[in-house]
Amino acid sequence: MLNVWSTHRFWLAFLSALGFDPRNVVFSGDTAEEQGREHGRGRGTVDCCYPVKCMSGHYGELLFGQKRKIDILLSPMIRSIPSFLHGQVVDSLACPRVIAAPQNIKAGFMKEKDVFAAQGVKYLSPFVSLAEPAIVPKQLHRAFVEAIPDLSMAETHKAVAAGYAALDAFNRQMRQKGREILEWCAANDRPCILVLARPYHMDPGIGHEIEADLQAYGYPILWGQYFPTDPDLMDWLFGDDVRSGALSSPFDIRDVWPSSYSGNTNEILWGAKAGARVPWISCVIRLVSYECGMDQPTLTPVQKIVEGSGTLFFSFQDLDATKPAGSMKIRVETIAYYLERASAAIIERKKRRMGNPGPLLADAAAADGAPRGLPQTVAGLTAGQ
């Protein structure tokens, strides 16, 4: 749930390195209204953020909905998230509501009695700064020693290293899939869609599978979190700006977003810049569940960056459980209509603006321009990750 969507490989590898059998690690299911009604009713706490409110259903499912009872409920308070922009921004902090959510939702399961104690479940909610690897072992050891009394700091260091290695490998794999999608689009001169959203919008119950519906119309989907960052591609997209001194690196976002302390927000702004440059990204979709003080200020800058390049921009705001499916379908049909009409002209215009064929077209030329089968999209991969 929430930022676990982008960090789950760290937690799986970390727990495995500590000696937990991966088959005994259970994730809650996708967010759904039935999940909230059956497992979270009466346990909710006051919060205006829809994704945070959904968490009570996830807690209830793990506590009451398992065929085999769990021993530990792990719900980390992730203060900061690893980011490919780290070092080029002020910080990579998570949303404050998301950070506090585990303790917020925990209160709903303790207001009448301690449900965790009654179920014989140890509740672990470590405060962890994943963007600062040097301090993570100490943070996690402090929490996990409550459940594993003989856990040593050396074992924790080793497990944390395994977690980061697994997460890095997964992110590289996902970005390679993103590269394959862009190469296919270049080889076939076909459009694709870039989705700019928070990690939890990959949850079908929070993101409403909007990207999957658009994919059904034949448009490959890229998620901003897994945009390929290969040096040759970055030099093609941002090299002129770096050499002119306008940017300090391809990952510099100070030209569009000086208040760069929020990890998800930073990547959304950078994704808008990258999407505006890639010719075959003819459309950018922005997903927002709760227009808080972090999402609302970014909407206009993102829209201006994208539309300034002639790329189509559509936003879905205030996504929650009350959005009627009919209106979603109509909007998706509208987007598909505009993509069909405008994509070819957008691609040609952006190709002329970039000025040189770039590495993606070079890869297409190396394949003699022969159409290739569409690789599995990043949308499909994240849904089953």
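**Ground rules.** I count residues from 1 along each chain as its sequence is written, and for side-chain values I use heavy atoms, leaving out hydrogens and water. Because the model is predicted, I take local features only at pLDDT of at least 70 and side-chain atom pairs only at pLDDT 80 or more, while totals for chains, interfaces and linings use all residues.

**Aromatic pairs.** I looked up ring pairs, where rings of Phe, Tyr and Trp (its six-membered ring) pair if their centres lie within 6.5 Å; planes under 30 degrees apart are stacked, over 60 edge-to-face, and the rest tilted. I get 18 aromatic pairs by this rule. One of them joins Phe109 and Phe116, a tilted pair with 6.1 Å between centres and 45° between planes. Phe109 and Phe116 are both buried (buried is under 20% relative accessible area, exposed over 50%, partly exposed in between, with a 1.4 Å probe and protein chains only).

I then turned to Phe170 and Tyr226. Their planes stand at 90° with the centres 6.1 Å apart, so I log the pair as edge-to-face. Phe170 belongs to helix H7 (residues 153–188) and Tyr226 to the loop between strand S6 (221–223) and helix H10 (231–244), so this pair ties together parts 56 residues apart in sequence. For the element names, helices (H or I, at least four residues) and strands (E, at least two) are DSSP runs numbered from the N terminus. Phe170 is buried at 4% relative accessibility, and Tyr226 is buried at 2%.

I also noted one aromatic cluster, formed by Phe10, Trp11, Phe14, Phe144 and Tyr164.

**A charge over a ring.** Which ring does the charged end of Arg331 sit over? I find Phe316, with the charged end 4.3 Å from the ring centre. The test asks for NZ of Lys or CZ of Arg within 6 Å of the ring centre and within 35 degrees of the ring normal.

**H10 against H11.** I find H10 and helix H11 (residues 263–277) packed at about 100°, with axes 10 Å apart. This makes H10 roughly perpendicular to H11, a label for angles of 65 to 115 degrees (under 35 is roughly parallel, over 145 roughly antiparallel, the rest oblique). Axes are lines fitted to C-alpha atoms, for helices over the stretch in contact, and angles run from 0 to 180 degrees between N-to-C directions. H10 brings Met234, Leu237, Phe238 and Asp241 to the contact, and H11 brings Trp270, Lys273, Ala274 and Arg277; contact means heavy atoms within 4.5 Å. I sort these residues into five nonpolar, no polar and three charged.

**Positive phi.** Most residues other than glycine have a negative phi. Asp189, not a glycine, has a positive phi of about 50°. I place Asp189 in the loop between H7 and strand S5 (192–196), and it is partly exposed at 33%. His208, also not a glycine, has a positive phi of about 60°. It lies in the loop between helix H8 (204–207) and helix H9 (210–215), partly exposed at 22%.

**Leu15.** I find Leu15 in helix H1 (residues 4–17), buried at 10% relative accessible area. Leaving aside residues up to four places away in sequence, Leu15 touches Phe20, Val25, Leu74 and Phe144. From Leu15 to Ala162 I read 9.4 Å, C-alpha to C-alpha, across 147 residues in sequence.

Definitions and conventions. Ala, Val, Leu, Ile, Met, Phe, Trp, Tyr, Cys and Pro count as nonpolar, Asp, Glu, Lys and Arg as charged, and the others, Gly among them, as polar.
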